[in-house]
Amino acid sequence: MWLCLLLAATVRGPADVESLAASADAVVHARVERRSSAWAPGGGQIFTTVVLRTIETWKGTPAAEIAVLVPGGEVGELSQTVQGVAQFGDGEEVVVFLHRRAPSVFGVERLALGKFAVGAPAGLAKRALRDRRGLTCEGCKADEADDFSLDELRARVLGSARR
Amino acid sequence: MRHVAWVLLFCALPAQAYKRTTNSAGLCIWWRWPEARSHTFQIDAQGTPDAPAAETYDAIRKSFQTWAAVPCTDLVLTEEPLSTNPADRLIGYFQPGTNHNLVLFRTRACRDPAVVPAGDPCRTQGGCGNLYDCWDDAHGSGVIATTTTTTNRLTGEILDSDIELNDSPPAAGTKFTFTTVNGLPCTTPGETGCVRIDVQNTVTHEAGHSLGLDHTDDPRATMYASAPSGQTSKRILGTDDIGGICTIYPRGAQTVTCIQATPSGGCGCSPGQSGPGSVLATLAALLQIARRSRTRPQTAISASKNPASKALRVQGTRS
């Protein structure tokens, strides 16, 4: 029998770029190298380890290859999806705001609010988009943007880190 | 003509309409009950230190009963006895085992090395929450609550659903303070008798997820994805929420699933697909009652791919 696990989440804002950058241990522009899911010790929950290859570090000093642990995933006949958690695809280019769980393992800040997908239509500059579906945000500001040029997002994170 | 009417009902309203949660196979999720629509939930007796236990239990009960009180559905939400065994404070789905639809508060932070040893494998593999009865920071800081719903991937049938609230000390800043009072939002840190994170407001929303509803674009709805601190309005369902719950579980009619595709391939419940609007919710329920089939265990509608809806989301548009 195939099963999946879904979670919905409520997150406290604000979740503007500056607030996220301030609370994150690390912010990186990176690409997804690989993913693997496994049952957590004790069972009941599945977690996925997403391995990122850093393109550029914007805050902190993470290694060139970063392991990010996210709730949810699929193992055998069971699938666990976490609604509101950042989703990663193989080869995806991302900007992620991270907190450190262990010396070599990070988590994504505030679920999906801490991840931007990077991409661009042909011939246009890269943009960074955030998907906040699946999240309820208490205290998020109405003017929090989810769509930046990659250059603008980078400048705002670096500017925030300098302050 | 009847088919055309359904197409119009489900597809013609692009915004401010409920959405159903889908699983990783793209199927909308739904509960199946052996007999009547008698869904059970269970409250963990530890409650929250922020509010009196009895008031907390009452707020959670009201959250579920709000959904059951909708006239156009025949959901019955029954409370199991309070869970008093600390060993039962488990989130997720366990096979074999007895699974309860649990609501619990986590009051310790897994991040704290006094709670979870620094070298414990759960720090790198996950699962600290269940192992050490703590709020797992895999969710990141600032997460107030999560709902865990287990479904059959091939049918969308929900098997278990748990709600977990973060009552643990944060790495920085102030702890979330849950309240159960009626009143105005708090405006100062030490203020009492006012609303901070309202238990009923939060759990009513999470209960909607546990029943199969996703976030809606309608800001008046309980299932709207944003809530300012001190909000209590989500305690009361909006017409959009009612439209959603009654379409999935219409009174006297079969539960609407997404198991089988219809020949038209038009309407369904894939992510981002809009359902009937609030004005049409009652009409939809009545239509379903009128056309219900007593020979099929569930009514299946197809999963759809709505490129227009997806395009909006990719562009990051939101209310």
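Mentor: Happy to! Let's begin with a term: two residues are in contact when they have heavy atoms within 4.5 Å of each other. Keep in mind as we go that this is a predicted model. By that contact rule, 61 residues of chain B touch 50 residues of chain A. Together the two chains bury about 4500 Å², and 51% of that area lies on carbon and sulfur atoms.

Now for the pairings across the interface. The rule finds two salt bridges between chain B and chain A. One of them joins the side chains of D136(B) and R101(A), with N to O at 2.6 Å.

Which elements of chain B supply the side that touches chain A? At least two residues each come from α3 (122-125), α4 (128-132), β5 (143-152), α5 (199-210) and α8 (307-314) of chain B. Of these, β5(B) gives the most, with ten residues. Sorted by class, this side of chain B holds 21 nonpolar, 31 polar and nine charged residues.

D146(A) sits in the loop between β11 (135-138) and β12 (147-149) of chain A. D146(A) counts as buried because its relative accessible area is 6%, and buried means under 20%. Its side chain makes a polar contact with the side chain of R132(A), at 3.0 Å.

Notes:
Residues are numbered from 1 along each chain as its sequence is written. Chains are lettered from A and ligands numbered from 1 in the order in which they are written. This is a predicted model: local features need pLDDT of at least 70, side-chain atom pairs count only at pLDDT 80 or more; totals for chains, interfaces and linings use all residues. Side-chain values use heavy atoms; hydrogens and water are left out. Buried area is the accessible area (1.4 Å probe) that two parts lose on being put together, summed over both. A salt bridge is a side-chain nitrogen of Lys or Arg within 4 Å of a carboxyl oxygen of Asp or Glu. Helices (H or I, at least four residues) and strands (E, at least two) are DSSP runs, numbered from the N terminus. Ala, Val, Leu, Ile, Met, Phe, Trp, Tyr, Cys and Pro count as nonpolar, Asp, Glu, Lys and Arg as charged, and the others, Gly among them, as polar. Buried means under 20% relative accessible area, exposed over 50%, partly exposed in between (1.4 Å probe, protein chains only). A polar contact is a pair of N or O atoms within 3.5 Å; within protein, one must be able to donate a hydrogen and the other to accept it, and residues adjacent in sequence count only if both atoms are side-chain atoms.
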